[in-house]
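Here is a short report on strand pairing and chain contact. Look over the model first, then read on.

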Amino acid sequence: MANMREIKERIGSIGDIMKITNAMYLISSSKLKRARAALDATEPYFENLQYSIHHILKHTGDFKHPFFDNGRDKPEDEKMYGYVVVTGDKGLCGAYNHNIVKLAEQEIAKHKNTCLFVIGSMGRAYFEARGMNVDTEFLYTAQDPAMYRARRIQETITDMFLKKRIDEIHVIYTKLEKSQEIPQLLKLFPLEREHFEERRVADEMRHSTAVFEPSPEAVMDNLVPNYVKGLIFGILTEAFCSEQNARMTAMDSATGSARDMIAELTLDYNRARQAAITQEITEIASGARSQKNK
Amino acid sequence: MAKTFKLDILACDKYFFSGDCEEVIFPSIDGSRGVMAGHEPMICCLSAGEIQYRCDGEWHRAIVSEGFLEVMPDFVKMFADTVERPEDIDIKRAEAAKARAEERLRQQLSTKQYYHTKAALNRAMARIKAAGKH
């Protein structure tokens, strides 16, 4: 019977897909375990780094440096906004890529001149297809974050900022909070001076002004790129971990729904089979009866 | 017992050290520097090389790459890309890295590549030097 065969084929194909989703679940869960360990190892560095930079800025005397160049005295129309968007290299990870792209689009819509530095091929393909200003030489993968890659990324964007090709740089990435992926926006350049301003209010809190050895400029020239590099490394690790987590949850629920579908279809199949048998028996019985009556 | 301060050494992939320390010596961009308890607040850059720190009168050594330090009278925080114990260094790998960097330096390089290679060479040299002493 055609209906029975159809249902059987359907069950077979769902079973095949379930095998794939299940394999992907296993792969991403083992990757997640590794990414989690890397994240745990970086977390103290990442957190202390941010804390220390705020502390340092708090204890800093007033001086000018290109990294703090906030105003640039340009009208909003001429300002160039740069966004580093961290997406995944692959799909099939639930709303992970979608969420990050959505946040990026929201941010981009706020400004007139924007340019994008996309990490991960999913986001790159998306923005390029929409004809946005994507830096085509900025090709980095989101897989297995490494320090040297963070260094290259930092060099590219610091260079762009110092050459005044970009006036403000933000990073859009995904943060993992209690197994929940949350898209985040973080400002990289120019460095915020807010924390520095706070000092004036709470003057008694400040015990002393730190000295910079050998000179504030020399220290800032080295410290800021280093800080940004550490920050980017932390961001990459966090994003990679989120991606694996998203894929794991997505694949787990896909496997679950495949199982539900198979259960439902098996029921249908059995019903169809029963119906077919019943019908056959009825046919035979009525045939026999008509023979007897002859 | 000498006066101590809290020393934290953080590498990007691990919390290398945290504890009370009497003295720390590190390579900064303008030469070697030492810090003891009660030092004036200072922000300083770390260059690739060897650091030494003394806890309970005993000297410890570690190899660091680029980073920076935050020095306050009662604590010191050191941030570096990598921190390794001398015994953990793979000298063969460091020598291979050094040879590779030297070979690259002989070629025509762009300014950026030149700085990358120079930095790589520096790291390799610091590792070899420290491991040799061990």
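In this predicted model, strands 3 and 4 of chain A make a hairpin. Two residues lie between the strands. One residue in the turn, A:K178, has a positive phi of about 50°. Strand 3 spans residues 168-177 of chain A, and strand 4 of chain A covers residues 180-189. They pair in the antiparallel sense, over nine bridges. Within this pairing, A:Y173 sits opposite A:Q184 of strand 4.

Strand 3 of chain A also pairs with strand 1 of chain A, residues 80-86. Here the sense is parallel, with five bridges. A:V84 faces A:V171 of strand 3 across this pairing.

Pairing also crosses between chains. Strand 5 of chain A runs parallel to strand 5 of chain B, residues 42-46. Three bridges join them. A:E213 stands opposite B:C44 there.

The pairings side by side:

| Strands | Sense | Bridges |
|---|---|---|
| Strand 1 and strand 3 of chain A | parallel | five bridges |
| Strand 3 and strand 4 of chain A | antiparallel | nine bridges |
| Strand 5 of chain A and strand 5 of chain B | parallel | three bridges |

What does each chain give to the contact? Chain A gives 25 residues and chain B gives 23 residues. On the side of chain A that touches chain B, the elements giving two or more residues are helix 1 (2-58), helix 4 (147-162), strand 5 (211-213) and helix 6 (216-292). Helix 1 of chain A gives the most, with nine residues. By class, this side of chain A has 14 nonpolar, nine polar and two charged residues.

Definitions and conventions: Residues numbered from 1 in each chain as written. Chains lettered and ligands numbered in written order. Predicted model: local features only at pLDDT ≥ 70, side-chain atom pairs only at ≥ 80, totals over all residues. Pairing = 2+ DSSP bridges. Helix = DSSP H or I, 4+ residues; strand = E, 2+ residues; numbered from the N terminus. Contact = placed C-beta atoms within 7 Å. Nonpolar A, V, L, I, M, F, W, Y, C, P; charged D, E, K, R; others polar.
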